[in-house]
Amino acid sequence: MNPAPSAPSYYQRHIFFCLNQRDNGQSCCAEQGAQQGFDHCKARIKSLGLDGPGRVRVNKAGCLDRCAGGPVAVVYPEGVWYTYVDRADLDEIIESHLRDGVPVQRLMLAPEVGR
């Protein structure tokens, strides 16, 4: 049985970081600082008091199949895909999107970017 459409989600927002490591020489998020990005986001969310039920969850993911734009992360429930370069980019995603609900246009991954 599915929950009623009006039922609140356990988390308000959920961000997944691709941490995939490829062994075949193909580009991958792991080689582009994805673990450091994940670690920074998780610590920052906690330090801002945004973690926990009803708030934000930061998760690791395997391959999200958007390697060409890496490193990548995706925020749900909105389904907004991001690429980031440094902690400042992640801080902007955290403060604007995860905290305030306003997606960061300049960091959105172009829809045609795939593997």
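Trainee: Which residue of β4 stands opposite V72?

Mentor: In this predicted model, the residue facing V72 is T83 of β4. A second pair in the two strands is V75 with its bridge partner V80.

Trainee: How do you know that β3 and β4 are paired, and in which sense?

Mentor: Two strands count as paired when at least two bridges are found between them. β3 and β4 have four bridges, and their sense is antiparallel. The two strands also form a hairpin with three residues between them.

Trainee: What is found in the turn of that hairpin?

Mentor: G79 lies there, with a positive phi of about 70 degrees. P77 also belongs to the loop between β3 and β4, and a cis peptide bond with omega of about 20 degrees joins Y76 to P77.

Trainee: Which partners does β1 have, and in which senses does it pair?

Mentor: With β2 (residues 56–61), β1 pairs in the parallel sense over six bridges; F17, for instance, has K60 of β2 as its bridge partner. With β3 (residues 72–76), β1 pairs in the antiparallel sense over four bridges. Among the facing residues here are F16 opposite V74 and H14 opposite Y76.

Trainee: What is the order of the strands in the sheet, and what kind of pairing does it have?

Mentor: The order is β2-β1-β3-β4, an open sheet of four strands with mixed pairing. The twist from one strand to the next averages 20 degrees.

Trainee: Why are β2 and β4 said to stand at the edges?

Mentor: Each has a single partner strand, so one side of each is left without a neighbour in the sheet.

Trainee: What makes β3 count as largely enclosed?

Mentor: A residue is buried when its relative accessible area is under 20%. Four of the five residues of β3 are buried, so the strand is largely enclosed by the rest of the structure. β1 (residues 13–18) is mostly covered as well, with five of its six residues buried.

Trainee: Which elements make the β-α-β unit, and what is its hand?

Mentor: The unit consists of β1, α1 (residues 34–47) and β2, and it is right-handed.

Trainee: Why does D65 count as partly exposed?

Mentor: Buried requires under 20% and exposed requires over 50%. D65 has a relative accessibility of 40%, and therefore counts as partly exposed.

Trainee: What kind of peptide bond joins G70 and P71, and how do you know?

Mentor: The bond is cis, with omega of about 0 degrees. P71, like D65, is in the loop between β2 and β3.

Notes:
Residues are numbered from 1 along each chain as its sequence is written. This is a predicted model: local features need pLDDT of at least 70, side-chain atom pairs count only at pLDDT 80 or more; totals for chains, interfaces and linings use all residues. Side-chain values use heavy atoms; hydrogens and water are left out. Buried means under 20% relative accessible area, exposed over 50%, partly exposed in between (1.4 Å probe, protein chains only). A crossover is right-handed if, with the strands pointing away from the viewer, the path from the first strand over the helix to the second runs clockwise. Axes are lines fitted to C-alpha atoms, for helices over the stretch in contact, and angles run from 0 to 180 degrees between N-to-C directions.
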